[in-house]
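Here is a short briefing to read alongside the structure. Please keep the sequence and the 3D view open as you go through the points.

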Amino acid sequence: GRVMTATEIRSTDRYWHVRQHDKSKKIYPDMYKENSVGILWNTMAQFQTWFGNAPYLPYGIQLLPITPASEFRDQPDWVREMYRPFADACNDDSNCEDGGWSMLKLAMMASAGHRVEAAARLKNLTSDVFETAGGNGHSRSNTLWYIATRPDVENPVNLPKSDLAPGPTDEEEEDDARYELVNCGTPDTCTDAVLDTDAGGNSCRDRIVWLISVMSQSEEEACSQVGDEYPQECGECKAEVYVIRDDDKPQVSRGHCEPCTEEQCNSDLNRCPIYDRTFVCTEGPSTGGCAPHPWMPSNQCGSCCELSECKNGGVAPGDQSTVSGGEDQVDSLDSDDCPPCPHDVCHSPTTLCPVHEAPFLCTDGLSTGGCAPEPWSLGRQCSECCKLLPDC
């Protein structure tokens, strides 16, 4: 157990906790400006998560959970670098507190040298926060213990003004903890009678709402999961989104997501891989999240669009939150050595490149499966490559 814990702490500190100021600990190219990695591929690091691209999420997901081991995992030099961008991102978005992620920010505030301020703000968090995606598994007492036991910091991090302002009181918070579930998008079969059916001690409705509110699943995902787990009791509420065409290739119905507009295709939303998860959330706490099927309107995602028709899409110029490849990349955009990928490669489960951001796929060599924004320079690292196209 000690060896496994030490291995996890070491790898987390090296690959997921990014230092920008200590060159001896920096392993990513200079163009990667963030202090945390949300998704790490073989040859690509992304500052986002599968369930959203709000900038506080890649920090929060690397801090879960807060336990006694956290003080060994979260090194002081990293906390000092990451706290300000994490706090700014959280303070600028009310979903950070509503979703429980601000609790993690307060733990880092204490680690950065501000125990009193962190404890004062923790008292103002509503109890609902500890039953959400970011706060689930924690408690107010556990968090207060962690804050109170942080060691003194010789030079505390300067806090943004929003951190010093008093937090909201319980009376000022709206009671929106209960998700209003209607019919799982299947009104003909998913009636109130079905939703209120007992399924192993809890109703179908309660199980679905718990997955949405606590596990941050979309309504469709939650309804489908509960329908699979309790087919006799809750199966009538399962949302079916896949259809099979004549070529036996599964296609996703766009029942709830219109094709993305040109503006959306060329925005920061366009980071989902070509093989699946091409449905991107465009509004709500899960904005930027990629899903294999349409998002259903919920308190996590209010609207969505589908990216597969982004013929000339790409991340907005100047975006540097994704870094791909390494020494074998070249500056030229000449893709003669990387021809268009064949159909079977495009739709292979191992092809997970975000086609509009890093479409050049290494198909043979040490970097097989690696994704790059520019053609690979063929060699030992990558001897063959191809380019993923939106209409592959």
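In this predicted model, three strands form an open sheet in the order β13-β12-β14, and their pairing is antiparallel. The edges are taken by β13 (371-372) and β14 (384-387), each of which pairs on one side only.

- Four bridges join β12 (residues 360-364) to β14, and the two strands run in the antiparallel sense.
- For a residue-level view of this pairing, look at L361, whose bridge partner in β14 is C386.

- Q62 belongs to helix α2, which covers residues 56-63.
- Is Q62 buried or exposed? Its relative accessibility is 12%, so Q62 counts as buried, the cut-off for buried being under 20%.
- A polar atom of the Q62 side chain lies 3.0 Å from the backbone oxygen of V37.
- Leaving aside residues up to four places away in sequence, Q62 touches W16, H17, S36, V37, G38 and R73.

- I27 sits in the loop that runs between α1 (2-16) and β1 (39-40).
- I27 counts as partly exposed because its relative accessibility is 32%, and partly exposed covers values between the 20% limit for buried and the 50% limit for exposed.

Terms used:
Residues are numbered from 1 along each chain as its sequence is written. This is a predicted model: local features need pLDDT of at least 70, side-chain atom pairs count only at pLDDT 80 or more; totals for chains, interfaces and linings use all residues. Side-chain values use heavy atoms; hydrogens and water are left out. Buried means under 20% relative accessible area, exposed over 50%, partly exposed in between (1.4 Å probe, protein chains only). Two strands pair if DSSP finds at least two bridges between them. A polar contact is a pair of N or O atoms within 3.5 Å; within protein, one must be able to donate a hydrogen and the other to accept it, and residues adjacent in sequence count only if both atoms are side-chain atoms. Contact means heavy atoms within 4.5 Å.
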